[in-house]
Amino acid sequence: MFEPNQFLSQCPADLRKNAATSMPLKGMTALEVGGPAALVCSVVNPEQARRFQDICNNLQAPSYILGAGSNILADDSGYPGVILHVATREIILKSDTLTVGAGLDFDQVIVESLKHGLTGLEFASGIPGTLGGALVGNAGCYGHEIGEFLVEAVILRKNGLLEKAYQRSEEAYQAISESQEKESTQINNRY
Ligand SMILES: Cc1cc2nc3c(=O)[nH]c(=O)nc-3n(C[C@H](O)[C@H](O)[C@H](O)COP(=O)(O)OP(=O)(O)OC[C@H]3O[C@@H](n4cnc5c(N)ncnc54)[C@H](O)[C@@H]3O)c2cc1C
């Protein structure tokens with residue numbers, strides 16, 4: 001059985017300060033339903049996410065990744081494990097490419113792109129959720145999808161390794177998308 005305090009005792013101070021026990025999922029999902037998660041841990045950079053995964057692996061703790069909860073129907077009985085809340089939100093512009101934390105609001109990515117004169121993503125304006133959630137589902141509408149614009153994604157494997165995955169063809173993107181759902185967390189993405 002998952003013990004939040006045992007998990008917290010293995011967290012370094014910077015991870016522990018962004019963790020909370022018995023957090024109602026209804027406050028973290030668009031449908032505003034869901035009982036308490038035993039533990040919720042927010043990570044703000046790739047290294048924190050890596051350490052989070054190491055602790056999960058050490059303790060064999062059940063875990064689930066949450067973005068903005070726009071595509072989640074949480075159980076009224078809650079979640080008896082640890083929720084990884086991706087809160088990586090940095091934005092770096094280099095030439096005509098944006099590097100963006102997966103926890104940033106997808107709409108915000110579009111706004112920031114336009115501010116820097118980068119166009120193309122406007123079709124997705126209004127799709128709720130984070131960039132990471134959008135990539136996992138290959139969010140799209142009006143005949144376009146986010147995977148068309150991805151240059152590179154940094155993902156965290158279940159084994160705790162951070163690695164880059166590339167998208168330059170639909171086939172490659174699907175591979176990233178499927179692996180995300182099954183065994184990895186997105187941390188940083190370039191457009
Ligand atoms: C009103 C409304 C309108 C919508 N319209 C559209 C639309 O037009 N087109 C469309 O495609 N979708 C649409 N959606 C669905 C939703 O907006 C997308 O699926 C969105 O991209 C989910 O992002 P999120 O951050 O909320 O992810 P969540 O709902 O938190 O998570 C969704 C899935 O992604 C996983 N996940 C989230 N972040 C990460 C990460 N960083 N790394 C790995 N896995 C992660 C979660 O584990 C979960 O499996 C709509 C939803 C609503 C409520």
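Helix H5 (131–137) contributes five residues to the shell around the ligand, the most of any element. Helices (H or I, at least four residues) and strands (E, at least two) are DSSP runs, numbered from the N terminus. The model is predicted: local features need pLDDT of at least 70, side-chain atom pairs count only at pLDDT 80 or more, and totals for chains, interfaces and linings use all residues. Residues are numbered from 1 along each chain as its sequence is written.

The ligand is surrounded by 27 residues. A residue is near a molecule or strand if its C-beta atom, placed from the backbone, lies within 6 Å of it. Gly67, Ser70, Gly129, Gly132 and Gly133 are the closest. Besides H5, the elements that give two or more residues to this shell are S3, strand S7 (140–141), helix H6 (170–183) and strand S11 (184–190). By class, the shell holds 13 nonpolar residues, 13 polar and one charged. Here Ala, Val, Leu, Ile, Met, Phe, Trp, Tyr, Cys and Pro count as nonpolar, Asp, Glu, Lys and Arg as charged, and the others, Gly among them, as polar. Domain 1 (4–86) and domain 2 (91–190) both supply shell residues, so the ligand lies between them. The domain bounds come from an automatic or database domain assignment.

The protein has six helices and 11 strands. Of its 191 residues, 37% count as buried. A residue is buried if 20 or more other C-beta atoms lie within 10 Å of its own, exposed if 12 or fewer, and partly exposed in between, with C-beta atoms placed from the backbone.

Four strands form an open sheet in the order S1-S2-S4-S3, with mixed pairing. Strands S1 (19–24) and S3 (63–66) stand at the edges with a single partner strand each, so one side of each lacks a neighbour in the sheet. The twist from one strand to the next averages 35°. Axes are lines fitted to C-alpha atoms, for helices over the stretch in contact, and angles run from 0 to 180 degrees between N-to-C directions. Strands S2 (residues 36–43) and S4 (residues 79–86) pair in the parallel sense over six bridges. Pairing requires that DSSP finds at least two bridges between two strands. Val43 stands opposite Val86 in S4. Helix H3 (residues 46–59) lies across S2, S3 and S4, at about 140° to S2.

Glu163 is found in strand S10 (residues 162–166). Glu163 is exposed, with 10 other C-beta atoms within 10 Å. Leaving aside neighbours within four places in sequence, Glu163 is in contact (C-beta atoms, placed from the backbone, within 7 Å) with Ile155 and Arg157.

Conventions: Contact = placed C-beta atoms within 7 Å.
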